[in-house]
Amino acid sequence: MKKITVVLLLVIMTFSLFACGEKESPAAYLPSLRYDNVPLEMLTLLVNRTNGDHSVGGNETAAQLVKQYVSSVPYTEISDGRIEIKNGSDKNVAYNTRFSGVFDENGDLTEYEEKDLSKLPAGKYIICLQVAERRAEYSSVYLYIAGIEKK
């Protein structure tokens with residue numbers, strides 16, 4: 001009788017381990033530009049939002065917005081390290097993060113591409129990302145703008 005009770009309890013505990021609750025998902029995080037895996041401080045601008053019927057914004061390019069907000073861009077001092085783009089993760093939101101360009105400190109587009117981010121020469125730069133965010137109720141497009149001062 002004891003053996004049957006013990007086996008029955010083990011079966012029930014094993015079943016409850018796999019059958020109960022929602023599977024744990026990884027922690028949510030926003031898209032970012034990272035320097036040695038630490039997110040850089042960024043200016044975030046809403047470019048466009050739509051719910052299927054109505055749309056707001058979306059008439060300006062990334063270059064125009066960078067020029068317009070160049071004085072508001074936060075700068076982070078860096079040295080030789082790895083700069084990378086990290087897409088966001090959330091079970092309720094789908095993110096699509098794209099590189100939009102490297103600008104000089106005056107807001108003028110440079111020739112540097114995404115592959116050049118970790119190899120930029122000393123100077124002040126503005127790095128721009130475009131982030132499309134899709135939720136069940138609406139979709140949004142944001143511009144993430146980070147300033148770096150490479151020593």
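Colleague: Why is A94 called partly exposed?
Modeller: The relative accessible area of A94 is 36%. A residue is buried under 20%, exposed over 50% and partly exposed in between, with a 1.4 Å probe and protein chains only; A94 is therefore partly exposed. This is a predicted model, in which local features need pLDDT of at least 70, side-chain atom pairs count only at pLDDT 80 or more, and totals for chains, interfaces and linings use all residues. Residues are numbered from 1 along each chain as its sequence is written, and side-chain values use heavy atoms, with hydrogens and water left out.

Colleague: Where does A94 lie, and which residues does it contact beyond its neighbours within four places in sequence?
Modeller: A94 belongs to strand β7; strands (E, at least two residues) and helices (H or I, at least four) are DSSP runs, numbered from the N terminus. Beyond those neighbours, A94 is in contact with A132, E133 and R134, where contact means heavy atoms within 4.5 Å.

Colleague: What is the relative accessibility of T97, and why does T97 count as buried?
Modeller: T97, also in strand β7, has 16% relative accessibility and therefore counts as buried.

Colleague: What makes the approach of T97 to N87 a polar contact?
Modeller: The two side chains come to 2.6 Å. A polar contact is a pair of N or O atoms within 3.5 Å; within protein, one must be able to donate a hydrogen and the other to accept it, and residues adjacent in sequence count only if both atoms are side-chain atoms. The residues touched by T97, not counting those up to four places away in sequence, include N87, G88 and L129.

Colleague: Why is K150 counted as buried?
Modeller: K150 has 6% relative accessibility, so K150 is buried. K150 is found in strand β9 (residues 139-150), and its side chain reaches the backbone oxygen of L120 at 2.7 Å. Not counting residues up to four places away in sequence, K150 touches, among others, D80, K119, L120 and P121.

Colleague: What makes a set of residues a nonpolar core?
Modeller: The term denotes buried Ala, Val, Leu, Ile, Met, Phe, Trp, Tyr and Cys residues joined through side-chain atoms within 4.5 Å. The largest such core has 19 residues, and those touching the most other members are L33, L40, I83, L117, I127, Y144 and I148. Strands β1 (32-35), β7 (94-104), β8 (123-134) and β9 each give two or more residues to this core. Apart from this core lies another, of 12 residues, among them L45, V66, V73 and I126.

Colleague: How are β2, β1 and β6 arranged?
Modeller: These three strands form an open sheet in the order β2-β1-β6, with antiparallel pairing. The edge strands β2 (38-39) and β6 (83-86) each pair on one side only.

Colleague: How do you know that β1 and β6 pair?
Modeller: Two strands pair if DSSP finds at least two bridges between them. Strands β1 and β6 are joined over four bridges in the antiparallel sense. Y35 stands opposite I83 in β6.

Colleague: Which element of the protein chain has the lowest mean pLDDT, and which the highest?
Modeller: Helix α1 (residues 2-19) has the lowest, 60, and strand β5 (residues 75-78) the highest, 95. On this scale, pLDDT is the predictor's confidence in each residue, from 0 to 100. Where pLDDT is low, the predicted coordinates should not be read in detail. The mean for the protein chain is 85, and 77% of its residues reach 70 or more.
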